[in-house]
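Dear colleague,

Please find below the structure I wished to pass on to you. My notes on its sheet and on one pair of helices follow it.

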Amino acid sequence: MKIEEILKITKGKLLSGDISAEIDPALISTDSRNIKKGEFFLPLKGSNFDGEEFIGDVFKKGAIGTFTTHSARYAAHANKIIVKVSDTTLALQKIAHHHRMKYDIPVIGVTGSNGKTTTKDMISQVLSKKFNILKNEGTKNNHIGLPQTLLKLNKKHDICVLEMGTNHKGEIRLLADIARPGIVVITNIGPSHLKFLKDLKGVFEAKKEIFEFLGKDGLAVVNGDDKYLSEHKGGAFKIVKFGFDERNDFRASLISAGFDGIEFLLNDSTRFTLNVLGTHNTYNALAAIALARHFKLSFELIRKGLAEYKPTYMRLNIKEIGGLIVIDDSYNSNPSSMVCALQTMKDLPARSKWVVSADMLELGLREDYFHRMVGESVAKLGFKGLLTYGSLSQHTYCRALECGMDKENIWHCSTRDQVADILRKVAKKGDAILVKGSRAMKMEEIIEKLKA
């Protein structure tokens, strides 16, 4: 992409350097710490940082140029390419959209309250048996991570699979406008980010923004068991539904789950195996199967792809620590995913089962209710013990006691160290422990302390 082209896209101004110079979009980097020789720096600005403070550093590391929002600060670097823009984040998004539109390939957008990352990864794993896939790594699913992924598009890619996250109205619309997916997947509508989206209807309104750029040839793959998605009539685009109910196009039945994984029957005829925990992951697999069949993959290839899928880091990962079976689901938590995790634990064979539950954040006015709901579920499902951590999780602790859980096996902890110390004392060899909480609670540190 020539600098002249970038200037037109961003409505920027060239402060120094050759206007005919060309840069590879994949070499545009926002990370001053790891920038490499030959890359082009795009400094981001946040409430607590300003990437432009590191422009001198990236030039010392060999960066060939930078974007800036200032006019005269970098006169000492006249040998570098310096492009002035009004907003560097907006420039990133405009360049990414422009670059994406150069490629006439299927772009798949994946969103939903739970299972986005797993579904995105399962789709990518299966489709990679036949196609060259570009996907966003980890959870780079926001207004910065998604455009960063699109900049990596090249002529070798056949399909692009993009996870799209949101916690505010309008964010999915922005991401869909940048990426322009022709195929969309919505995993479910659940109580997440209610602090900003208010209620389930608000969550649905935010998620369905992804439909707005689908044309008459578009495809929407949605959870047909979900109340909101099952009733959505769509528009000119085609809708394919997946789930457990008989009315779905892709339906799972005869589901069995255990430490060895999940088995289920698709449409009463084809058996599939997943090497993951949790019956709820069957939904994610059904979405991947629906996409794979759309792209005409054989059932043999789909089975192979799903069997090879491995769960993402800190998402129902099984870890053996000193004879304990630790279920690491510490990446994030909301009411729906917590219910799924508890049900997964209930179905697993173990000597005794312990739950470590931390705060679920961004739940708005009903946050107390949802935390009490977790405590009630833990008590009624018959777990051996419960350890809670975080101010909101006091409600989980109190409700579990109210529901008759043995007070000798329930603790509210003030630190992660205290959680680990108690687990070392009470959990015995052969016991299973679920560890879960919102990302900000850093529950993975408890697992590291158990290892130590």
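Which residue in β14 is the bridge partner of F264? The partner is F272. Please note that the model is a predicted one.

This pair belongs to the setting of two neighbouring strands: β13, covering residues 261-266, runs antiparallel to β14, and five bridges join them. Both strands are part of an open sheet of nine strands with mixed pairing, in the order β7-β8-β6-β9-β10-β11-β12-β13-β14. At the edges stand β7 (133-135) and β14 (270-274); each has a single partner strand, so one side of each is left without a neighbour in the sheet. On average, neighbouring strands of the sheet are turned by 20° against each other, direction ignored. Helix α11 (residues 299-308) packs on the sheet, where it touches β13 and β14. The direction of α11 makes about 20° with that of β14.

Helix α13 (residues 367-380) packs against helix α14 (residues 394-402) at an angle of about 40°, and their axes are 7 Å apart. On the α13 side the contact comprises D368, H371, R372, V374, G375, E376 and A379, which meet H395, T396, R399, A400 and E402 of α14.

With kind regards

Conventions. Residues numbered from 1 in each chain as written. Predicted model: local features only at pLDDT ≥ 70, side-chain atom pairs only at ≥ 80, totals over all residues. Heavy atoms only, no water. Pairing = 2+ DSSP bridges. Helix = DSSP H or I, 4+ residues; strand = E, 2+ residues; numbered from the N terminus. Axes fitted to C-alpha atoms, helices over the stretch in contact; angles between N-to-C directions. Contact = heavy atoms within 4.5 Å.
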